[in-house]
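Please study the sequence and the structure before reading the solutions.

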Amino acid sequence: MNEKHIIEFKDGNTLDFRYFFKKYSHRIYGFTKDFIEEGDFKVVTQKTFINYWNFRNYLLEESTVQSYWFRTGRNACFNLNRYKGVHAKYASHDIQGREIHINSDILNSIESNKLSFSELPDLYKNFISELANRCTEVFIKMRFENMRNEQMANQLAITKKAVESNMTRANKILSFRLVGY
């Protein structure tokens, strides 16, 4: 490095800053590749040279400048990685907080519908009483006795297709009755 450039740089000459940046930024850029992700190389290199500009009055001599750049670049990489870790931690914490809030809202809505749930058994009994005899038999055997279609058909002496159509009819009526719940 030229001693004249360092003296002019310390005095605040931006042309000398550009000289150093153009001549040496690729070294810092390459050096930071060992520490950080690809998209952050330019940012860290720029921060290193901005820091270099801000503390230009404290630089002693030519030999300390390059070690200063590498030390500053390395520290900027560590700080960036630390920031990303903290940011990820709080982002995760924020997501967990949102999930807790949503789950709480769901539980509160369930609590407010307690009355609705308590009405369901009566509604279910009324629904079954409204079904035709054969439809009631098929529905009860399917839902409460866990019988298969073939077993019901044999026991009730009807076809498997009749079992399926009775169950379809019962499910349609049930879904119509439970719309408000």
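**Exercise 1.** At roughly what angle do the axes of helix α6 and helix α7 cross?

*Solution.* The model is predicted, so that local features need pLDDT of at least 70 and side-chain atom pairs count only at pLDDT 80 or more, while totals for chains, interfaces and linings use all residues. Residues are numbered from 1 along each chain as its sequence is written, and side-chain values use heavy atoms, leaving out hydrogens and water.

Step 1. Helix α6 covers residues 133–143 and helix α7 covers residues 149–156; helices are DSSP runs of H or I with at least four residues, numbered from the N terminus.

Step 2. Their axes come within 10 Å and cross at roughly 135 degrees. Axes are lines fitted to C-alpha atoms, for helices over the stretch in contact, and angles run from 0 to 180 degrees between N-to-C directions.

Step 3. Angles under 35 degrees count as roughly parallel, over 145 as roughly antiparallel, 65 to 115 as roughly perpendicular and the rest as oblique; α6 and α7 are therefore oblique to each other.

**Exercise 2.** Which residues of α6 meet residues of α7?

*Solution.* Contact means heavy atoms within 4.5 Å. In α6, Arg 134, Glu 137, Val 138, Lys 141 and Met 142 meet Asn 149, Met 152, Gln 155 and Leu 156 of α7.

**Exercise 3.** How many helices and strands does the chain contain?

*Solution.* The chain has eight helices and zero strands, a strand being a DSSP run of E with at least two residues. Along the sequence, the pattern reads α-α-α-α-α-α-α-α.

**Exercise 4.** What percentage of the 181 residues is buried?

*Solution.* Buried residues (under 20% relative accessible area, with a 1.4 Å probe and protein chains only) make up 26% of the chain.

Methods: Buried < 20%, exposed > 50% of the residue type's maximum accessible area, 1.4 Å probe, protein only.
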